[in-house]
Structure formats: C-alpha cells, structure tokens
Amino acid sequence: MMESAAAFVNSTFPVPKSLVKHQQHKIFYGNNVCKQLVNRKVFSFQNKSHRTGPITLDTLAQLDQFHEECGVVGIWGIDSASKYAFYGLHALQHRGQEGAGITVVSNGKLYEYKNLGLVTEVFNDDILSELRGSAAIGHNRYSTSGEKNIRNVQPFTVELSGIQVSIAHNGNLTNACKLRRHLELRGSIFNTSSDTEVILHLMATSLLASSSYTGKDPADSLVQRLIDALSRVEGAYSLLLLSPSCLVAVRDPLGFRPLVMGKMKNSAESVIFTSETCVFDLIGAEFVREVDPGEMIVVTGDGLQSLFPFPSQRRKACIFEHIYFARPTSIVFGRSVYMSRFRFGEILAEEAPTEADIVIPVPESGIPAALGYSAASGIPYQPGIMRSHYIGRTFIQPTQNIRDLSVRLKLSAVRSIIENKRLVVVDDSIVRGTTSRKLVRMLRENGAKEVHVRIACPPIIGSCYYGVDTPNTKELISHNMSEDEIRQYIDADSLAFLPLDQLHHFLGEESSSFCDACFSGNYPIRPLPSQDTTQDNIHPKVFQQ
Ligand code: SF4
C-alpha cells in the first residue's frame, strides 16, 4: 500500500518549457504545481448545500436545475491529437464548465495540461501546439463529486510502478467513500477529493501489480490492474485510460453514462472515444458503435481488443441524458436526443391538452418539447422567452437582491409575443420550483393572460447517485408537494408533468434497460449511507422495492 502513496508524492512528469510563458495558467503534473506561474483567482463554490463565497450570475441562474455531469474524449492514431481532443471537449462543453484538461502521449511520455474554466479559456493555440502527439485523452469537469478545486480537474496523471497512466472519468462511484477510507487506513495518501482517484489507488495497490507482472507488456499489466480496480468499485463510470502504450475505454456493467466509439473518415487506423456523438459531427469523424455496458476496449499499436471482464447485468442507461443533459444533435443510447424531446412534447399535448393561444419554450432545453407540443396540439409555437448567453463570467457578491434577479438575468420575456395571450410554457424539468415560480411571475408581469406549465419529464422525487449533480432530496419540490400544491406554489393556471407510465411506453421494450430512479425511486445500485450528501436524502419509498 505504500506504493500507492509513493505513486502520487513522487510523480514528476516533464512539463513543456514553453508552456511556462502562459502566465495566466497553472500546470499540474501529478501533484506538482508550477508555482512560478501567476495563479488565477479561484473562488470557492461547492455543489449541493455547501455553497460559500462569491459565485457567478450564471451559477445563480442554474441553482434550480440538474447539472451536467462530465464529458470525456479519447483520440488514438491521429496527428495533433490534442487539437482534436480540444474540439471534442468544446463540443462537450455543456457537460461540464468547471475545468478542462488534456493529456497526450509524446515520444513515449505523457504530457498534461489542465485548469479551471471553459475549454476556450483553458487552452489556446500555443498550448495545444506544445501538446504534440498522436494519442490524447481530455475531460470536461462538472463537480458531481469532490469540491471545486483545480486539483480535482481531470485527467489525473500518475506513475504506477514506473508506468505513466492518465485517466478521465464520467460518472460517480457509489462506494467511493468506503473504498477511500479503507485505502487511507492502509496508507494511501489522496491528492484530490474526487472519487476518480480511488480507481488509481486501487490500481496502485492491486495484487496484480505483484512481481508476476514485472517485465510483462506494460499495456497488459495496466489492463489487469484496471480490471482488478474496477471489479471493486460500484456505480457509474465511462472511463478513458491513456498510457504511452495504450488507450483503454471502459463502461460500467450497468452502462449508466454514454460512451461511443468512432473513427476519422479518412483514417481506418484512427480510434475516437467520446461521451456523445456530437463530437464526431464537429471533428468530421464517423460513428462506429457504442462501447457496450461492461465492455473494455483496449487500443494498442497492434490494434483493438474488446473484453468483457465483469459479470453481465441488465443495462440501466440514464434517461435524463435524453430529458436534459445531452446535446439535441447527439444520438445517445441508440436514440436521437432531439426526437425524444420532441416526442415528450407531443405526449404532453395528448395527455394534458389545454386551451391556449401560443406555446412557448423555456430555452434552450425546453425547445424541442415545445415544438412537439405545438405540433401535436396545433397551437402556434412562439419564442416568448429569450435567453442571455452573456451573464456567466461576471463575478458578483451573492446578495439577496441579485438572487431575486437571477432568473431575469438569464431569461427575458418578449412582451410583444406574450401580452394578452394564454400561454403553454414548456420546460424540461422542475427541480426546486424556484425558477418556475419566478418565470411565471415574469410572464404575468409582461401581460400573459393565462400561464399553463407543461414539464417534459415526470416529477423528480429523488437524488441521483450515478454522476448527476442533484440537490438533496429534501430540496426537490416534487418530493415535498403534490402536483396541485406545486401548481399553487409556482402560481400557474395549470400544471402537468410527463406521466412516468408514458415515459415507459415511449421507451417500449427497452424501458427496463433505462434508469429512471430519480422519478421512480427504483435505484439500480443502493448508495452507501456515507455517500456524499446525507443519509436522509434518500426518498423513503426508494429502498422498499
Ligand atoms: S437517478 Fe436519474 S439522473 Fe441519475 S442515472 Fe438514474 S435517471 Fe439518470
């Protein structure tokens, strides 16, 4: 177990000297920070209910939403791999805006660069030009586990018995706290508060790291360690591992989070892994197939190998990817995200019709469902609410006045569209209800005669433990109130959610292969009481089934 601690304390990976000139950034290698660089001011802001310190307007406006998880991209066999990884991360920016990082293989060594901020803030052409090589992994972070801190920005790069390895993870491990305590008792020293680091420590302490593997193929040794580590974790992982000799993509046996494989159209040797197919559209690659739940794909100079090292289980893909997280242009779990959302709107129109003059979406994730509602009901669609894209990067003090303004700063009503109209307002979800309440008030203040709210997902009654940042269950309005109580709270003339049975009907024979735990309480993996939030945020209905 001491080997694990040593792996982090002694990691000294080379830093391209020319990167030092980028004064606004930090460079991390293992736990070494180039202290000569000028630090950016980093504000403290933790998720869930531990929020402190200055926060952004954009953050305020997002407090009443589920948040994106993380995005990963892996490139093999393409010159300037870091640039493709950069554009891949840019396409996945919606999955995480807290920090970004890229690791490349160059001349048999790993080089890594990462920082807090958006992808375009972290990287520029000079930095990417220094990250030379034909293999890379990249990660966009949204902190579903661990605090907001540059140490938690992935990829994590370490050295295991002389082999450099870097990992990027989308998902959340449900037994990470227990494993971490166990590892710390055995002498492991953690460098981050992220659950992903647990996987590296499990690899470092794997019995398969014993002398029986010394001298064997490094890629084979890493794969054996990774299989051993992942066989001890529970929860969600779509994970990429990069070493000088291999790129590995692996998805947990339940397949909570998406992971797809593609290739460049003009290069049969190239391999690309990523969270969503929208990456392929941007970089001119083509979709090959999904990485199957429980599958591990190992790419080396000898080609590609598919392994299924874990006991097979029924897939439990996250339906919220289709409701809110994924980009509408993506194909996720074999289905078009846009068409799912459009159909949710059509179902709402069939299940919860109303007399109205126009259908308006809450931009932007409510747009496809609003179009679906309009198409099915015959009520004209109008963009009655506009979204500002320019509020996110201003730092402010979180005074009560500003909190009250937060929704208006992000969303503006178009009075000329909504005045004296009966509105159907279509949104993707209601989490705490505070945004919906402010939104309805704003629409009434702008002359709406009636406001009928339609929500393109079922009521959210429980938190997510598999990689999605959700509030404590007690903060979820549908955990605490009936549908009519919520209608009264948000002051709508009528309110309807997508019925859960209709969501199941829409999914058809695949229904049981989707996780819907935040709506149904049927959690595929029971989270341990020590898991990040609190023991009492588990819905009372949840574990009776
Ligand atoms: S609990 Fe909800 S958000 Fe989490 S994986 Fe399941 S469906 Fe997705």
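Which residues in α6 meet which residues in α7? In α6 they are A176, L179, R180 and L183, and in α7 they are V198, H201 and L202. The model described here is predicted.

## Helices α6 and α7

Helix α6 covers residues 176-185. Its axis and that of α7 lie 10 Å apart, at an angle of about 45 degrees. That angle makes α6 oblique to α7. The crossing of α6 past α7 is left-handed.

In the contact of α6 with α7, five residues are nonpolar, one is polar and one is charged.

## Helices α7 and α8

Helix α7 spans residues 196-204, and helix α8 spans residues 218-230. The two pack at an angle of about 120 degrees. Their axes are 8 Å apart. Angles of 65 to 115 degrees count as roughly perpendicular and those over 145 as roughly antiparallel, so α7 and α8 are oblique to each other. This crossing of α7 and α8 is right-handed.

From α7, the contact draws on I199, L202 and M203. From α8, it draws on R225, L226 and A229. Five of the residues in the contact of α7 with α8 are nonpolar, none is polar and one is charged. L202 of α7 takes part in the contact with α8 and also meets α6.

## Helices α11 and α12

Two further helices pack against each other: α11, residues 337-351, and α12, residues 367-377. The angle is about 45 degrees, and the axes are 6 Å apart. α11 and α12 are therefore oblique to each other. α11 crosses α12 in the right-handed sense.

On the α11 side, the contact residues are Y338, R341, F342, R343, F344, G345, E346, L348, A349 and E350. On the α12 side, they are P368, A369, A370, L371, G372, Y373, A375, A376 and S377. By class, the contact of α11 with α12 holds twelve nonpolar, three polar and four charged residues.

## The seven-stranded sheet

An open sheet is formed by seven strands. Their order is β6-β5-β7-β4-β13-β12-β14, and the pairing is antiparallel. The edges are β6 (109-116) and β14 (285-290). Each has a single partner strand, so one side of each is left without a neighbour in the sheet. From one strand to the next, the twist averages 15 degrees.

At one end of the order, β5 (residues 99-106) is joined to β6 by eight bridges, and the two run antiparallel. I102 has Y113 in β6 as its bridge partner.

## β12 and its two partners

Strand β12 (residues 260-264) pairs with β13 over three bridges, in the antiparallel sense. V260 stands opposite T274 in β13. The hairpin that joins β12 to β13 runs through six residues.

β12 is also joined to β14, by five bridges. These strands run antiparallel. Here K263 has E286 in β14 as its bridge partner.

## A helix across the sheet

## Backbone exceptions

Most residues other than glycine have a negative phi, and most peptide bonds are trans.

Q154 and P155 are joined by a cis peptide bond, with omega about 5 degrees. P155 is in the loop between β7 and β8 (156-160). P363 and E364 are also joined by a cis peptide bond, with omega about 0 degrees. E364 is in the loop between β20 (358-361) and α12. S161 is not a glycine, yet its phi is positive, about 50 degrees. S161 sits in the loop between β8 and β9 (163-170).

## Around the ligand

Which residues surround the ligand? They are F256, C318, I319, F320, C464, Y466, V468, C515, D516, A517 and C518. Ten residues of this shell are nonpolar, none is polar and one is charged.

Conventions:
Residues numbered from 1 in each chain as written. Predicted model: local features only at pLDDT ≥ 70, side-chain atom pairs only at ≥ 80, totals over all residues. Near = placed C-beta within 6 Å. Nonpolar A, V, L, I, M, F, W, Y, C, P; charged D, E, K, R; others polar. Pairing = 2+ DSSP bridges. Helix = DSSP H or I, 4+ residues; strand = E, 2+ residues; numbered from the N terminus. Axes fitted to C-alpha atoms, helices over the stretch in contact; angles between N-to-C directions. Parallel < 35°, antiparallel > 145°, perpendicular 65-115°, else oblique. Left-handed = near helix turned anticlockwise from the far one by under 90°. Contact = placed C-beta atoms within 7 Å.
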